[in-house]
Amino acid sequence: MTDDPAKETSRSLLAQLAFQPNRPHLVIGLLFLVLGLLVSVAVLRPGDADAPWRTARTEDLVQILDDLGARQDRLEAESARLTLLQGELESGSTAQALAEARRRLEALRVVSGTTPVVGPGLAITIDDPEGAVDAPVLVDAIQELRDAGAEAMAVGSTRVVVDTWFADTGNGVEVDGVPVGSPIRILAIGDPETMGAALSIPGGVADSVRTRGADFASSPVTDLRISVTVPETSN
Amino acid sequence: MIAIIGLLVGVAIGILWHPVVPLWMQPYLPIAIVAALDAVFGGFRALMEKRFDDRIFVVSFLSNVVIAAFLVFLGDQLGVGAQMSTGVVVVLAMRIFANAAAIRRILFRA
């Protein structure tokens, strides 16, 4: 079997790999030592806490830095406002504290839906004669509006509050047990431009309503009034 | 044999000592590794083909690393450092694959 080239090769390979402490082998060993050192250093390097930033591109880092700067500005502004308020409340009269408490009460009432709200907003009409728009679409719409800064919302004749629910039933979508009716009307108080943009992004709520064969229309209203409220509960 | 011992000792030193790579060297580290790997695979192939030469291996190892680092340095100076790194890595990786294929053909005759 000595003429088998593979055997021959592996035998000579073993001979080559055998321990031969001469100068060239030591040099090669040294080179491999350097290689091992490099590899282990390079592999161990990403153990640092800031590893994600190490590999990020410059443009991304600039973007992240900008975001952080903007966020810091916002937080600083809020901090300044609250510090000022704290000073006023500590040094000021009871009337001032009362006014601030009233203001907060009013804001909380708007959020909890126990008071009528008037303000600029968006009136949305979804004309859906075939009943193709189901509860998830409406939930998406409400969620999108909330993200876009809607302060108060109503769907049909139901005020949307923190525990409002949507369900598909035999006769269309129900909101808190009340049928939404047709066409579906959604009122949202907040910045009309922001909310309008949020709804009409490609693949967004408006698109998904239209792909279901329903008609989606929204118009900004300067004095939108949401008069329907939910009863105040004490818990 | 000495080569394997050297590799293991190098890895052990790297893990235990944990050296901090200077910032200016960091872009060259991966390139240097790939270049050295190319030389190692080339040397292994030469070993398989029974034309291995210590001198050639040492010179190719060092020159590979130096040339790869120089190319990346040049790329950095020209403002195309990232692309140059990619190019160098791609070329070296292709050579590694070619050498690996040759080794595989000799070892397994497949």
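User: What makes up the secondary structure of chain B?

Analyst: Chain B has 4 helices and 0 strands, and along the sequence the pattern reads α-α-α-α. Helices (H or I, at least four residues) and strands (E, at least two) are DSSP runs, numbered from the N terminus. This is a predicted model, in which local features need pLDDT of at least 70 and side-chain atom pairs count only at pLDDT 80 or more, while totals for chains, interfaces and linings use all residues. Residues are numbered from 1 along each chain as its sequence is written, and chains are lettered from A and ligands numbered from 1 in the order in which they are written.

User: Where in chain B is confidence lowest, and where is it highest?

Analyst: By pLDDT, the predictor's confidence in each residue from 0 to 100, chain B has a mean of 85, with 98% of its residues at 70 or more. Confidence is lowest in helix α1 (residues 2–17) of chain B, at a mean of 78, and highest in α4(B), at 89. For the complex, the predictor gives an ipTM of 0.76 and a pTM of 0.45.

User: Why are α2(B) and α4(B) called roughly parallel?

Analyst: Helix α2 (residues 28–48) of chain B packs against helix α4 (residues 81–108) of chain B at an angle of about 20°, with the axes 9 Å apart. Axes are lines fitted to C-alpha atoms, for helices over the stretch in contact, and angles run from 0 to 180 degrees between N-to-C directions. Angles under 35 degrees count as roughly parallel, over 145 as roughly antiparallel, 65 to 115 as roughly perpendicular and the rest as oblique; therefore α2(B) is roughly parallel to α4(B).

User: Which classes of residue form the contact of α2(B) with α4(B)?

Analyst: The contact has 16 nonpolar, 3 polar and 3 charged residues. Ala, Val, Leu, Ile, Met, Phe, Trp, Tyr, Cys and Pro count as nonpolar, Asp, Glu, Lys and Arg as charged, and the others, Gly among them, as polar.

User: How many residues does each chain give to the contact between chain A and chain B?

Analyst: Chain A gives 29 residues and chain B gives 32, where two residues are in contact if their C-beta atoms, placed from the backbone, lie within 7 Å. On the side of chain A that touches chain B, the largest share, 20 residues, comes from α2(A). By class, that side of chain A has 21 nonpolar, 7 polar and 1 charged residues.
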